[in-house]
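Please open the model and keep the sequence beside it. The notes below go point by point.

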Amino acid sequence: MRKISTVAHVRFVMLCAVCALMAVMLMSCRDEAEVTTCDGTGKAMVAEDATGQELADSLMAQWKRDHPDADWVEQEKERHELKPPADNSALLKGGQSEGHIYGQPTERDILLWGRETEKFVVEGSRIFHSADLLGSTVAVSCDMCHPHASNTHPETYPKFQTQLGRVVLLRDMIHWCIEQPVRGKHLEPDDPAMRALEAYIMAQRSGTPMNYGKH
Amino acid sequence: MNPKYKSIETKYREQRESFFRGLNNLDRRSFLKVSAAAMGAAAASGVVSCPSFQSVTVAGQDSASQRNTPFRFAYISDSHLYEKKINDRFARALLRAVEDINSLDPQPDFVFYGGDLAQLGQASELDFGAQILKEVKAPIKMMVGEHDWYLDMGEKWRELFGKPTYSWDHKGVHLITLNSVVEEDFWTARGMSSMERMMTVAGLDNGVQSPFSVGEPQREWLKNDLADYSDDTPIIVFSHSPLYKLYKKWNFWTDDAEDVQATLKRFKSVVVIHGHTHQLLTNRIGNIHFHGMLSTAWPWPYAPEGMPELTIEMNRPDPFNPNDGCGDGEVQVYADGLVDKVYNLWNRKQITLSKAYMISWGSKGVPPRPNRPSY
């Protein structure tokens, strides 16, 4: 799981830009100056007379070069088509929102909910499609039997799983698959990877009526 | 640690090691032993071993020189082998298929391999597959799949098996093998390495890749190849992808299918046998009858839309049985070139899609229907 979000990185780099600007202002005798970004790892050459925006752009560009998978959400969505999360824009309408704090989300709220939810699910897609991330010892990933999470039928759980002789949840079946055909690393039920896998599988069945117990 | 008490995982690893050791001296003499061990392990893991499929008696087997004599061939497809030491399940499955075919009595006229012998097109995977397929007693014909091709653009495959596009005549039938997995270049602009290209194509639901096609040069080759044959010559075409448009998102699809179908239209009897879909799949477009092949490695779910009317889906496979929904099969070719297509499912009764079913547009000889449809 990526612990630092892209949004956080942008804020971080902008802060770096301010630091760098101050550094450059102090070095007036050179055309270009090398600055170390605040994370202590990245280095960038910046023009001595660069404006704040130019400086921020060049540092951002350097950060992107250092992190080629920064757009991992978009990249993963391009590789593996994803059902979008529900559209909540209708919440912006309606007359009762004034005076009702929970009832008045902003456009920014709605954007944030959508992006964060989608990112959670996209992380699941990444794991679902990667034998490495699943820790498979036989190079098998979920998508090899379940393209686009088909035949995973999350809407049918809980149900009596005949082969196990007990009632199971989707999570139990994910666990079973990782242990058996995938021969991957053991995941606890609350492991971030397990949560992400569950999220992806359920997201892909968006719109299907719940039908627990169905075989 | 007391060796008396081994974990399931340790036992599995030991079994896998000994299986791979056995493969190191795979030759005709030890082959039966290794493949019997493979079958044994499958049985031990709770798999019901079903008898090899019954042989079909064919009239006129010995009059090979006569034109338009019925014959029978067998098929194996989509084994998706990794290099040795990585995945024993897929290797065991291919051994089981070879064992099935070798135990057919009488032997089929030839064995057709339907493509995707390798998983990631690596030389070590293709060599491994060739080593196992060498044990097939009947003559073998090879077709290429996308998993064999997109690491080195078919270099190793061609070195091992020759040209991917070819034709031959057998007992009055003209047979053609195409490479239907030609993709437009999506990799150069993205600066992908060969392995990135391969991994992209290897993902069935990876939307970065291009649709499959036969392509202009092969379509021209096909026209020339068929030019000298009369309309009443029975034609059998092999393609890895189905030669029609079923579901683009998984490349159950050939982009220039209509052009190829148009070239085949003038013939009275045309049968297309394809791989890639890993399931019972049946279609008919005009004069052309289409049949899918089973995979030895894993079954695919059915496409969520656009299923051909003639397809009777197979029951949803049992995830607890690694062989369920997998298998091999045979094709009985009649004198008129039409076929009975036999799906030899390893964990179930075999299912035959008969010539009568195809001719009657699904009203006669209907195979049993599933009670557990795909989701």
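1. Start with a term. Two residues are in contact if their C-beta atoms, placed from the backbone, lie within 7 Å. Helices (H or I, at least four residues) and strands (E, at least two) are DSSP runs, numbered from the N terminus. With that in hand, look at helices H3 and H4 of chain A. A:Val73, A:Glu76 and A:Lys77 in H3(A) meet A:Lys119, A:Val122, A:Ser125 and A:Arg126 in H4(A). These residues divide into 2 nonpolar, 1 polar and 4 charged. Here Ala, Val, Leu, Ile, Met, Phe, Trp, Tyr, Cys and Pro count as nonpolar, Asp, Glu, Lys and Arg as charged, and the others, Gly among them, as polar.

2. A word on the source. This is a predicted model: local features need pLDDT of at least 70, side-chain atom pairs count only at pLDDT 80 or more, and totals for chains, interfaces and linings use all residues. Residues are numbered from 1 along each chain as its sequence is written, while chains are lettered from A and ligands numbered from 1 in the order in which they are written.

3. Back to that helix pair. Two packed helices are described by the angle between their axes and the distance between the axes. Helix H3 (residues 72–79) of chain A packs on H4(A) at an angle of about 60 degrees, and the axes are 10 Å apart. Axes are lines fitted to C-alpha atoms, for helices over the stretch in contact, and angles run from 0 to 180 degrees between N-to-C directions. H3(A) and H4(A) are therefore oblique to each other. The classes are these: under 35 degrees is roughly parallel, over 145 roughly antiparallel, 65 to 115 roughly perpendicular and the rest oblique. The crossing of H3(A) and H4(A) is left-handed. A crossing is left-handed if the near helix is turned anticlockwise from the far one by less than a right angle, and right-handed if clockwise.

4. Now the whole of chain A. It has 6 helices and 4 strands. Along the sequence they follow the pattern α-β-β-α-α-α-β-β-α-α. Of the 215 residues in chain A, 26% are buried. A residue is buried if 20 or more other C-beta atoms lie within 10 Å of its own, exposed if 12 or fewer, and partly exposed in between; C-beta atoms are placed from the backbone. Among contacts in chain A with a separation of 6 or more, 54% join residues 24 or more positions apart.

5. Which residues of helix H5 (residues 170–179) of chain A are buried? They are A:Met173, A:Ile174 and A:Ile178. Seen down the axis of H5(A), the buried residues fall within an arc of 140 degrees, so they line one face of the helix. The arc is that of the directions from the helix axis to the C-beta atoms. These buried residues pack against strand S4 (166–168) and helix H6 (192–204) of chain A.

6. Look at H5(A) with H6(A). They pack at an angle of about 115 degrees, with their axes 10 Å apart. That makes H5(A) roughly perpendicular to H6(A). Their crossing is right-handed. A:Leu170, A:Arg171 and A:Ile174 of H5(A) make the contact with A:Met194, A:Leu197, A:Glu198 and A:Ile201 of H6(A). By class, this contact has 5 nonpolar, no polar and 2 charged residues.

7. Check two peptide bonds. A cis bond joins A:Tyr157 and A:Pro158, with omega about 0 degrees. A:Pro158 lies in the loop between helix H4 (107–128) and strand S3 (159–161) of chain A. Another cis bond joins B:Asp105 and B:Pro106, again with omega about 0 degrees. B:Pro106 sits in the loop between helix H3 (88–102) and strand S2 (111–113) of chain B.

8. Check two phi angles. A:Asn151 is not a glycine, yet its phi is positive, near 60 degrees. A:Asn151 is in the loop between H4 and S3 of chain A. A:Asn151 is partly exposed, with 17 other C-beta atoms within 10 Å. B:His276 also has a positive phi, about 75 degrees, and is not a glycine. Is B:His276 buried or exposed? B:His276 counts as buried, with 31 C-beta neighbours inside 10 Å.

9. Last, B:Gly327. This residue is found in strand S12 (residues 327–333) of chain B. B:Gly327 counts as buried, with 29 C-beta neighbours inside 10 Å. Leaving out residues up to four places away in sequence, B:Gly327 touches B:Leu294, B:Tyr343, B:Asn344, B:Leu345 and B:Trp346.
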